[in-house]
Amino acid sequence: MTNQSTEFTPVLLGSDFNVYGMARSLYDIYGKPVKAFAEVSLAPTRYTKIVDLELIPGFSEDPVWIDEMKKIKKRYADHKEPVILIGCGDGYAELISKHKAELEDVFVCPYVDYEMLRNLNNKENFYKMCDKYDLPYPKTKIITKAMYESGEEITQPFGYPVALKPANSVEWLDIHFEGRKKAFIIQNEAEFKDVVAKSYTNGYTSDFILQDFIPGDDSHMRTLNVYVDRNHQVKLMCLGHPLLEDPAPAAIGNYVAIIPEYNQDIYNRVQKFLEEIEFTGYCNFDIKFDTRDQSYKLFEINLRTGRSSFFVTLNGYHLADWVVQDYVYDSLTDQQTVYANKDKQHYFLWLGVTPKIFEKYAKENDVKKHAMQLIDEGRYGDTFWYAKDKSLKRFALYKWMMHNYVKDYKRYFVAK
């Protein structure tokens with residue numbers, strides 16, 4: 001985008017696909033490994049030369065997190081160049097926002113203030129904001145812990161199946177019980193009561209979002225990635241059309257195949273919302289097309305890039321570089337908003353599984369035909385397998401991951 005001579009240092013928090021995708025985006029442009037800190041080592045950042053990962057026990061929560069970040073701060077205190085801190089997960093994004101005042105004397109922290117983050121992260125509050133800004137979302141009822149503890153029957157007005165999601169996605173990360181999922185599609189009253197009871201008896205305290213289930217398979221979903229600069233102006237909007245999701249219970253909602261898509265109406269609505277609330281930094285939205293009224297309905301906003309967000313970089317819009325251009329080169333101020341994916345001739349299909357798995361399980365439709373055409377033309381890629389970071393160990397790890405996907409699809413896949 002501009003002269004790349006100025007020095008800067010990126011620091012990523014996490015060790016998942018999101019971290020590797022952001023590191024890969026930066027390595028492609030600047031050719032330097034990226035430092036990352038995390039509590040545990042995950043497969044995407046193992047045996048790699050582009051991510052220098054340092055593990056810190058207990059690093060995912062306070063008070064360990066902020067205590068360790070103060071130590072890390074001392075390492076970078078004498079850096080003259082900007083040091084950009086990017087949290088590649090809900091928990092890390094929330095922690096950076098919470099402690100921004102303690103960190104930003106050393107780090108660039110491209111995050112909204114903590115109060116706004118908590119409002120946006122809480123689906124209940126987010127839907128109130130959707131009402132205010134005329135953003136469609138599924139019909140919703142709030143389930144509280146007090147409703148459960150009252151002993152009175154909790155009625156639900158939508159008919160089955162219904163969608164049930166924790167309003168507090170960060171708290172939900174620490175809740176564990178047999179059958180726990182990231183989100184639930186509930187088929188009957190008995191299952192509904194069972195999930196609510198198990199959740200609250202195993203320590204969950206926040207609300208649930210009960211929603212009218214929008215019919216349709218994975219190909220009705222959309223994912224929108226956005227970068228908003230420090231002046232609260234949207235600079236990048238990149239829409240993706242997921243065609244297949246991970247079927248494993250713990251990974252519901254994780255996309256494994258995305259083809260680019262262009263929709264100016266979605267871009268306009270979301271841009272207006274983000275600029276009016278004075279957002280800043282990265283975010284992505286999960287959206288579903290409702291055939292019943294031909295509308296796109298928002299499910300949630302995530303205040304970070306996502307594990308499948310590498311589809312943005314794969315299609316030429318280097319996702320990690322926007323924050324660099326903003327805070328290091330100050331090159332975005334006069335730049336027009338980029339509305340990605342106008343030209344289908346340049347589309348690349350992003351895959352998190354093998355082409356063989358995609359072909360077997362993705363629903364037959366015109367978009368899948370287009371995706372298969374891209375595969376035939378070699379216009380596809382994934383986050384993990386990177387030409388500049390190949391090794392025998394990473395190849396073996398990739399094969400192991402794909403083997404596990406084969407088993408998961410055989411065991412869990414159900415056509416929606």
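The model is a predicted one. Its strands form an open sheet of five, arranged in the order 3-2-1-4-5 and paired in the parallel sense. Strand 3 and strand 5 (107-108) stand at the edges with a single partner strand each, so one side of each has no neighbour in the sheet.

**Strand pairing**
- Strand 1 (residues 9-13) pairs with strand 2 in parallel over three bridges, and Leu12 stands opposite Ala36 in strand 2.
- Strand 2 is also joined by five bridges to strand 3 (residues 51-55), the two running parallel, and here Lys35 stands opposite Asp52 in strand 3.
- Strand 4 (residues 83-87) runs parallel to strand 5 and is joined to strand 5 by two bridges, with Val83 opposite Phe107.

**Burial of strand 2**
- Five of the five residues of strand 2 (residues 34-38) are buried, so this strand is largely enclosed by the rest of the structure.
- Val34, Ala36 and Ala38 point one way from strand 2, whereas Lys35 and Phe37 point the other way, and all are buried.

**Helices and the sheet**
- Strand 1, helix 1 (residues 17-30) and strand 2 together make a right-handed β-α-β unit.
- Helix 1 lies across strand 1, strand 2, strand 3 and strand 4, and runs at about 165 degrees to strand 1.
- Helix 3 (residues 90-98) also packs on the sheet, where it touches strand 1, strand 2 and strand 4, and its direction makes about 130 degrees with that of strand 4.

How values were computed:
Residues are numbered from 1 along each chain as its sequence is written. This is a predicted model: local features need pLDDT of at least 70, side-chain atom pairs count only at pLDDT 80 or more; totals for chains, interfaces and linings use all residues. Side-chain values use heavy atoms; hydrogens and water are left out. Buried means under 20% relative accessible area, exposed over 50%, partly exposed in between (1.4 Å probe, protein chains only). Helices (H or I, at least four residues) and strands (E, at least two) are DSSP runs, numbered from the N terminus. Two strands pair if DSSP finds at least two bridges between them. A crossover is right-handed if, with the strands pointing away from the viewer, the path from the first strand over the helix to the second runs clockwise. Contact means heavy atoms within 4.5 Å. Axes are lines fitted to C-alpha atoms, for helices over the stretch in contact, and angles run from 0 to 180 degrees between N-to-C directions.
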